[in-house]
Amino acid sequence: SGRLPQAWLTGNDARSVGFAPGPAMGESLKEAFLLQLEGRFASKEEALAWLIGELRGRARARPTIIFR
């Protein structure tokens, strides 16, 4: 019918796993939806597990600041 399916993940889902509202959350939700459309997730649970991995990856990518 030409209509896109509803995204499995919402901002509420992202916040529930620790994302703070903002551009990073929006980018991750957009990427999750694209992966959903590509069939990379079989369920919302798989998508949520991917999102948790994204959050952990972003946390590791943040530089560590050492104060002396």
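Me: What should I know before I start?

Reply: The model is predicted, so local features need pLDDT of at least 70 and side-chain atom pairs count only at pLDDT 80 or more, while totals for chains, interfaces and linings use all residues. Residues are numbered from 1 along each chain as its sequence is written, and side-chain values use heavy atoms, with hydrogens and water left out.

Me: How many helices and strands does the chain have?

Reply: Helices (H or I, at least four residues) and strands (E, at least two) are DSSP runs, numbered from the N terminus. Here there are three helices and zero strands. Along the sequence the pattern reads α-α-α.

Me: What share of the residues is buried?

Reply: Buried means under 20% relative accessible area, exposed means over 50%, and partly exposed lies in between (1.4 Å probe, protein chains only). Of the 68 residues in this chain, 24% are buried.

Me: Which residues form a salt bridge?

Reply: Look for a side-chain nitrogen of Lys or Arg within 4 Å of a carboxyl oxygen of Asp or Glu. This structure holds one such bridge. K44 pairs with D13, and their closest N and O atoms are 3.3 Å apart. The pair links distant parts of the chain: K44 is in helix 3 (residues 44-61), D13 is in helix 1, and 31 residues separate them.

Me: Are these two partners buried or partly exposed?

Reply: D13 counts as buried because its relative accessibility is 13%. K44 has 33%, so K44 counts as partly exposed.

Me: What lies 2.7 Å from the backbone oxygen of D13?

Reply: A polar contact is a pair of N or O atoms within 3.5 Å; within protein, one must be able to donate a hydrogen and the other to accept it, and residues adjacent in sequence count only if both atoms are side-chain atoms. In this case, a polar atom of the S16 side chain lies 2.7 Å from that D13 oxygen. S16 is found in helix 1 (residues 11-16). S16 is exposed because its relative accessible area is 58%.

Me: Which residues make the nonpolar surface patch?

Reply: Patches take residues with over 30% relative accessible area and no salt bridge; like charges are joined within 9 Å, nonpolar side chains (Val, Leu, Ile, Met, Phe, Trp, Tyr) within 5 Å. Areas come from the Shrake-Rupley method with a 1.4 Å probe; for residues, only the protein chains shown count as cover. L4, L34 and L37 make a patch of about 290 Å². One of them, L34, sits in helix 2 (residues 23-37).
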